[in-house]
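Please look through the sequence and the model shown here before reading on.

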Amino acid sequence: MKQISVNPFRIIGLLADCSEKDIQKQKSRINALLSVGKDISSEYDFNALGHLKRSEDEINTAFSKIEQSENKLNYGLFWFVNGNHLDEVAFNYLKDDNIEKAKEIWQKSTQTSEISEKNYSIYNNLGTLNLYAAFSSNSIIIEFLSDAIKLKTLLIESELFSHLAHKIAGPTLHVNRKELK
């Protein structure tokens, strides 16, 4: 699924809840690497989600796609955010190409509790991972797709969705669920 595999946040090598300062720092880092012909990699490439090829045009396009807060949120909903220690543990598994263990970590939290300030990021992250898994083979895996839709819907309809939106796009973003693309 291209919304995930070529997500602008993935292309620039950051999580969706990165700060503007992080984005500018990463932009400078990438430009420096490009200028000397070095390969660009990030700890958030998550190679288990498919090979990532970065061209200079793709990188520039990715940075421009997330300049506006609304776009940050739209792309952030299809990428990962770091909201708690369980996210960090799951990211470490994804870095080691262990999708199943990352899913297991996040699933435990969504099955044992309702959405809260401590776990709303997990609903987004597991939903993203399940959405990717649903479309990663030659046929659509309905179980993963259904679970992804359920998790994303629960999150978007919850009162805590504004927390996620502000975490991704900043506190000044006015959140309108009906206008999400």
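Does Phe 135 count as buried, partly exposed or exposed? Phe 135 counts as partly exposed because its relative accessibility is 30%, where buried means under 20% relative accessible area, exposed means over 50%, and partly exposed lies in between (1.4 Å probe, protein chains only).

## About the model

This is a predicted model, in which local features need pLDDT of at least 70 and side-chain atom pairs count only at pLDDT 80 or more, while totals for chains, interfaces and linings use all residues. Residues are numbered from 1 along each chain as its sequence is written, and side-chain values use heavy atoms, with hydrogens and water left out.

Phe 135 lies in the loop between helix H8 (120–134) and helix H9 (142–157), where helices are DSSP runs (H or I, at least four residues) numbered from the N terminus, as are strands (E, at least two). Together with Ile 140 and Ile 142, Phe 135 forms a nonpolar patch on the surface, and the accessible area of the three is about 280 Å². A patch is made of residues with over 30% relative accessible area and no salt bridge, with like charges joined within 9 Å and nonpolar side chains (Val, Leu, Ile, Met, Phe, Trp, Tyr) within 5 Å. The accessible areas come from the Shrake-Rupley method with a 1.4 Å probe, and for residues only the protein chains shown count as cover.

Helix H8 itself is mostly covered, since 15 of its 15 residues are buried. Its 15 residues should span 21 Å at 1.5 Å a residue, and this agrees with its end C-alpha atoms, which are 21 Å apart; the expected span is 1.5 Å times one less than the number of residues. Within H8 sits Tyr 123, which counts as buried because its relative accessible area is 4%. Apart from residues up to four places away in sequence, Tyr 123 touches Thr 110, Ser 113, Glu 114, Ile 115, Leu 151, Leu 154 and Leu 155, where contact means heavy atoms within 4.5 Å. The C-alpha atoms of Tyr 123 and Ala 134, which are 11 residues apart along the chain, are separated by 16 Å.

## Salt bridges

How many salt bridges does the structure hold? There are six salt bridges in the structure, each being a side-chain nitrogen of Lys or Arg within 4 Å of a carboxyl oxygen of Asp or Glu. One of them joins the side chains of Asp 17 and Lys 167, with a distance of 3.3 Å from N to O. This pair links distant parts of the chain, as Asp 17 is in the loop between H2 and helix H3 (20–35), Lys 167 is in helix H10 (residues 161–169), and the two are 150 residues apart. Asp 17 counts as buried because its relative accessibility is 18%, whereas Lys 167, at 29%, counts as partly exposed.

Another salt bridge joins Lys 108 and Glu 104, whose closest N and O atoms are 4.0 Å apart. These two residues are four apart in helix H7 (residues 99–112), so they are separated by about one helical turn. An α-helix has 3.6 residues a turn, so residues three or four places apart point the same way. Glu 104 is partly exposed, with a relative accessible area of 34%, and Lys 101, Glu 104 and Lys 108 are linked in a network of salt bridges.

Arg 10 is found in helix H2 (residues 8–12). Although Arg 10 is buried, it has no salt bridge, and the nearest side chain of opposite charge, that of Asp 45, is 5.8 Å away; here Lys and Arg count as positive and Asp and Glu as negative, while His and the chain ends are not counted. Asp 45 instead meets Arg 54 in a salt bridge of 2.4 Å, N to O, and both Asp 45 and Arg 54 are buried. Leaving aside neighbours within four places in sequence, the contacts of Arg 10 include Asp 45, Phe 46, Arg 54 and Trp 79.

## Two residues with positive phi

Phe 46 has a phi near 45°, a positive value in a residue other than glycine. Phe 46 lies in the loop between H3 and helix H4 (56–65) and is buried, with a relative accessible area of 2%.

Asp 97 has a phi near 65°, again a positive value in a residue other than glycine. Asp 97 is in the loop between helix H6 (85–95) and H7, and at 46% relative accessibility it counts as partly exposed.
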